[in-house]
Amino acid sequence: MSQEIPVDVLILGGGIQGATLMRALIPEYSVILVDDEFGDAESLHFHGYFSSGWNAANPQAAEIHRAAAQRWHKELATSGVNSRITDFHAALTPDFLKMVEGNWAEAAIPSEEVELPGIFDPDGLPPNRRFRFPGDLIFDGAAAYLSVSEPLRQQIYRGRLASFQLAGSDIERVILDMDGRSCAVKPELVISACGAGNAEVIRQLGVAEEQVQNSQMVRPLHMLLARGPDIPKVSAYLIDLMVMHHPLEEGEGLWILTLNPDVPKFKAGVVDRCIPPEIENDLLCASFKRLASVMPSFAAWAEECQWSVYAGWKTDAPGPNSDPLVHLEYPTPYQLDDFGLKNFLAVWPNHWGLALDVADDAGEWVRSKLKPHHPQPGSNSGLPAGTGSGHTIENGWQSDELLWHSWGEFARQVGYHNE
Ligand SMILES: Cc1cc2nc3c(=O)[nH]c(=O)nc-3n(C[C@H](O)[C@H](O)[C@H](O)COP(=O)(O)OP(=O)(O)OC[C@H]3O[C@@H](n4cnc5c(N)ncnc54)[C@H](O)[C@@H]3O)c2cc1C
């Protein structure tokens with residue numbers, strides 16, 4: 001092992017949360033950010049959608065979402081990332097509206113009761129009312145991530161947590177595995193922004209197993225993909241089906257379809273992030289049924305598209321109750337927790353767009369604990385050159401590893417029959 005590297009703040013995890021947090025602390029504090037497998041980050045498995053809070057069952061949560069959407073809208077406009085690729089429409093059931101509609105005026109969420117775009121026939125859906133939410137954002141998640149992280153590349157290192165050395169409730173030293181090389185870092189503060197990996201980090205800190213189990217919940221999200229020249233430039237939420245449009249190259253478009261099941265399959269605590277959730281064909285067939293019920297041209301249109309699918313773990317905290325997480329019932333729809341340690345904080349944004357709020361709160365925590373102390377570790381510190389995470393930054397739906405199929409082949413594979 002080489003020499004010990006002193007630093008003010010060590011951030012574990014370089015998704016959108018780690019990157020926004022690092023930006024909030026540099027140059028005031030010295031910061032090292034370490035990430036092991038950025039390619040698997042939720043931040044790149046994401047729809048590219050951030051709600052303005054219309055779906056929150058709690059008025060304060062709705063307000064936090066609305067303000068965060070406005071902040072990102074300004075930030076992305078400044079960095080040249082289009083934050084409104086399309087408008088966002090929704091067909092919502094009376095039961096759902098009972099839960100959320102009262103909050104819209106209270107949280108100043110812009111909404112307009114208008115018909116769905118013409119390709120959809122709402123009469124095919126269960127009873128519903130239709131809205132447009134002009135404050136919602138639809139953007140390219142990878143481009144947005146790059147606009148935050150690119151200026152900080154030199155402080156992003158590829159590596160993973162090997163172990164902690166503790167003295168009572170203080171982290172004294174952190175051993176990192178940097179591409180097979182062991183590095184000892186002596187941070188004043190450690191922040192874990194590891195998404196689904198946070199539970200494993202807190203387990204390594206010796207936190208009681210019950211707390212580890214109750215720290216977070218993960219559920220599978222399926223991204224059913226349709227691409228081609230005839231993808232309608234429309235994004236919507238249709239009772240329980242998310243339809244998200246993104247432009248592709250050479251005049252093609254993409255729809256990402258995600259059905260929210262009545263009972264999401266939550267798992268509590270530690271999850272092996274390297275094993276993606278299994279693809280559930282029943283859910284894919286139900287997605288097709290929902291789309292076919294509202295899109296009169298579905299059968300002919302599906303034939304013109306290429307089809308693919310992937311699934312990722314969506315992480316929320318705290319556990320162990322899933323209902324308040326799904327319905328945004330907690331007043332603060334994100335989570336920060338020190339687990340009783342003096343110089344440690346774990347953070348969960350729960351949604352991409354809440355990373356800025358979490359970075360503010362974690363920044364305040366840092367300032368309450370520490371005056372800037374150490375210089376930024378340089379090239380002679382013993383760390384390998386920090387030239388970004390080393391991974392290609394692209395959205396999950398842009399990956400070369402996806403297999404694309406014709407409609408006939410895909411429908412056969414998943415067992416979908418036109419009715
Ligand atoms: C399929 C899918 C669709 C989604 N759609 C939406 C959406 O439409 N709108 C929305 O707001 N949110 C959405 N989300 C959720 C959103 O993407 C996440 O809330 C957000 O990206 C979490 O960011 P993060 O930085 O906390 O975690 P991540 O992006 O997962 O980053 C954590 C990083 O930590 C690293 N790491 C883990 N363990 C270690 C370790 N021990 N040492 C070093 N590094 C480690 C990982 O490699 C990873 O890069 C979606 C999530 C999924 C999975």
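Helix α1 and helix α4 pack at an angle of about 30°, their axes 9 Å apart. Axes are lines fitted to C-alpha atoms, for helices over the stretch in contact, and angles run from 0 to 180 degrees between N-to-C directions. Helices are DSSP runs of H or I with at least four residues, strands are runs of E with at least two, and both are numbered from the N terminus.

| Helix | Residues |
|---|---|
| α1 | 16-25 |
| α4 | 141-149 |

The model is predicted: local features need pLDDT of at least 70, side-chain atom pairs count only at pLDDT 80 or more, and totals for chains, interfaces and linings use all residues. Residues are numbered from 1 along each chain as its sequence is written.

In α1, I16, A19, T20 and R23 meet Y145, V148 and S149 of α4. Contact means C-beta atoms, placed from the backbone, within 7 Å. These contact residues divide into four nonpolar, two polar and one charged. Nonpolar covers Ala, Val, Leu, Ile, Met, Phe, Trp, Tyr, Cys and Pro; charged covers Asp, Glu, Lys and Arg; the others, Gly among them, are polar.

Now the ligand. Around the ligand lie 39 residues, of which G13, G15, S43, G195 and G197 come nearest. A residue counts as near if its C-beta atom, placed from the backbone, lies within 6 Å. The shell has 18 nonpolar, 14 polar and seven charged residues. Helix α1 supplies at least two of the shell residues, and so does β8 (160-167).

Overall, the protein has eleven helices and 19 strands. Its C-alpha trace spans about 65 × 45 × 45 Å along the principal axes.

Terms used:
Two residues are in contact if their C-beta atoms, placed from the backbone, lie within 7 Å.
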